[in-house]
Number of protein chains: 2
Amino acid sequence: MTINQDTFTGEYSYTIDAKGRVNIPAKFRQSLAPENNNTFVITRGMDPCIWVYPLTAWQFIEDNLKELSAVSSINRSFIRATARYASPVKYDKQGRIILSSQLLDYAKLDKDALIIGMINKIEIWNADELEKIEKQTTEMDSSVYDELSDKIIL
Amino acid sequence: MTINQDTFTGEYSYTIDAKGRVNIPAKFRQSLAPENNNTFVITRGMDPCIWVYPLTAWQFIEDNLKELSAVSSINRSFIRATARYASPVKYDKQGRIILSSQLLDYAKLDKDALIIGMINKIEIWNADELEKIEKQTTEMDSSVYDELSDKIIL
DNA sequence: AAGAATTACCCACGATTACCCACAATATAT
DNA sequence: ATATATTGTGGGTAATCGTGGGTAATTCTT
C-alpha cells in the first residue's frame, strides 16, 4: 500500500518501558520516507505532549531558523526556545525510540502513551491530559471548529 | 458500462466476520479509480457510522489540513480530531477491508453492516442506528429538506 | 586509571496481523 | 438449461509486531 510519505494518521496505545522506550507504530515507520534514515526529531509540543517530526521536516524548520538575524534579542529567544528541547532519535531494530526524562515529565507521561498521527508530525500524549485539553479547546471555539469542518471535510 | 470514477450509489447488506472484515460491494470496487490502488481511508463519520473515502479523496483532505498553521490551538485540535481516527485500508483478494474495534464500537456495529453509497464516499451503518438518526433528522428540518429537493431534483 | 553508571545494540517470545486457500451462492454467458 | 465466472464468507498459517530483558560498549566519576 503506497501512501503519502511522511504523512501520519491514526491513534495507537503503547507502553513506555523502564528505559523510557516507546514503540513508533509500524505504520508510521512505513510511511517515513527513506531519506529520514529511520530518524525522527523529538521536542516539546505546544500542547503538553511530545512532538515527533520526521528528520527532514525538522531540518526545514532549522533552515528557517538560520534565516533569522541573531542581532535581535527576540529572535535569539525564539531560536533558543525552539532548538533547546529538540533532539534527533533513531529508532532501534524493534522500532522504538528513547524519550528523555525531561520530555516525559513535560508531557506528564508515565507508563502509557497515546500516539497520534497529526499528518505531518506525530504526537505522544498522556491520554488523560489529552482529554482534558480537548474538552477545553473544543468547548471554547466550537464555531471556528464548524467553519473548519465546512471548509475541509468532504 | 463506464460510470463516474470514485462515485458510489446504492445500498448493500453484508456481514462483519470475527476478524472485523467486511466486504466492499463489488460495484464500489469497480468504481474505485485505479490510482487509489485498491485503497480506502476509513474514519469516524459525523453521524455514528464509519466513513470510507477513496484514498485520493482523503489525500485532498490531508492537503487542506497541511495548510493550517499549527500555532493556533484550535487548528491543532481540528487536525487531531480529523487525523486521529483515520487509517488507510487496502482490500484483500476477496474484496474485504478490516475495521478496527474502535471504529466498530463507535458505529455500534456488530455482525450486520449496511453499506451505503454517498456519492463521493461510502458509509457503513448499523441499520437500527441509521433508522433512528434518519427519523430524528428529517422530522426536525423537513422544510430545509423540501428546499433542497427543489434545488436539486430534476 | 579503575570502577560505576549509563547508553547502544542484540536476542527472545507471545500476540496480532497479513496473506493465502477453500467453498457455497449468485450471477453471467453459451 | 447448463457451464463458467464472480461474489460473499469462513478459516489456516506464516510473517510481523509489541514488549521485556541481557550484554557489550561508552561515558562519567573519583
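Q: Is A:Lys108 buried, exposed or partly exposed, and what is the relative accessibility behind that label?
A: In this predicted model, buried means under 20% relative accessible area and exposed means over 50%, with partly exposed in between. A:Lys108 counts as partly exposed, and its relative accessibility is 49%.

Q: Which residue forms a salt bridge with A:Lys108?
A: The closest N and O atoms of this pair are 4.0 Å apart. A salt bridge requires a side-chain nitrogen of Lys or Arg within 4 Å of a carboxyl oxygen of Asp or Glu. The partner of A:Lys108 is A:Glu129.

Q: How many residues apart in sequence are the parts that A:Lys108 and A:Glu129 tie together?
A: A:Lys108 lies in the loop between α4 (101–106) and β7 (112–117) of chain A. A:Glu129 lies in helix α5 (residues 127–140) of chain A, and A:Glu129 counts as buried at 11% relative accessibility. The pair therefore ties together parts whose separation in sequence is 21 residues.

Q: What separates A:Lys66 and A:Asp63 along helix α2 of chain A?
A: These two residues form a salt bridge, with closest N and O atoms 3.7 Å apart. A:Lys66 is exposed, with a relative accessible area of 65%, and A:Asp63 is partly exposed at 39%. Both lie in helix α2 (residues 55–67) of chain A, three residues apart, so their separation is about one helical turn.

Q: Why does the salt bridge between B:Arg76 and A:Asp47 join two chains?
A: B:Arg76 and A:Asp47 form a salt bridge, their closest N and O atoms being 2.6 Å apart. B:Arg76 sits in helix α3 (residues 73–84) of chain B, while A:Asp47 sits in the loop between β3 (39–44) and β4 (50–54) of chain A. Because one partner is in each chain, the pair joins chain A and chain B.

Q: Are B:Arg76 and A:Asp47 buried or exposed?
A: The label buried needs a relative accessible area under 20%. Both B:Arg76 and A:Asp47 are buried.

Q: Which residues are linked with A:Asp47 and B:Arg76 in a network of salt bridges?
A: Side chains of opposite charge can pair when their charged atoms come close. The structure holds 16 salt bridges over all chains. Besides A:Asp47 and B:Arg76, the network includes A:Glu123, A:Glu134 and B:Arg80.

Q: Which base atom of DNA strand C is 2.6 Å from the side chain of B:Gln94?
A: The residues around DNA strand C include A:Gln94 and B:Gln94. For B:Gln94, an N or O atom of the side chain is 2.6 Å from a base nitrogen.

Q: How many charged residues does the surface near DNA strand C have?
A: One of the residues around DNA strand C is A:Lys93, with a polar side-chain atom 3.5 Å from a phosphate oxygen. By class, this surface has two nonpolar and two polar residues, and its charged residues number six.

Q: Which residue has a side-chain N or O atom 3.1 Å from a phosphate oxygen of DNA strand D?
A: Of the atoms of DNA strand D within 4 Å of the protein, 51% belong to sugar or phosphate and the rest to bases. On the base side, a base oxygen is 2.9 Å from a side-chain N or O atom of A:Arg21. For the phosphate oxygen, the residue is B:Gln30.

Conventions. Residues are numbered from 1 along each chain as its sequence is written. Chains are lettered from A and ligands numbered from 1 in the order in which they are written. This is a predicted model: local features need pLDDT of at least 70, side-chain atom pairs count only at pLDDT 80 or more; totals for chains, interfaces and linings use all residues. Side-chain values use heavy atoms; hydrogens and water are left out. A residue is near a molecule or strand if one of its heavy atoms lies within 4 Å of it. A polar contact is a pair of N or O atoms within 3.5 Å; within protein, one must be able to donate a hydrogen and the other to accept it, and residues adjacent in sequence count only if both atoms are side-chain atoms. Helices (H or I, at least four residues) and strands (E, at least two) are DSSP runs, numbered from the N terminus. Buried means under 20% relative accessible area, exposed over 50%, partly exposed in between (1.4 Å probe, protein chains only). Ala, Val, Leu, Ile, Met, Phe, Trp, Tyr, Cys and Pro count as nonpolar, Asp, Glu, Lys and Arg as charged, and the others, Gly among them, as polar.
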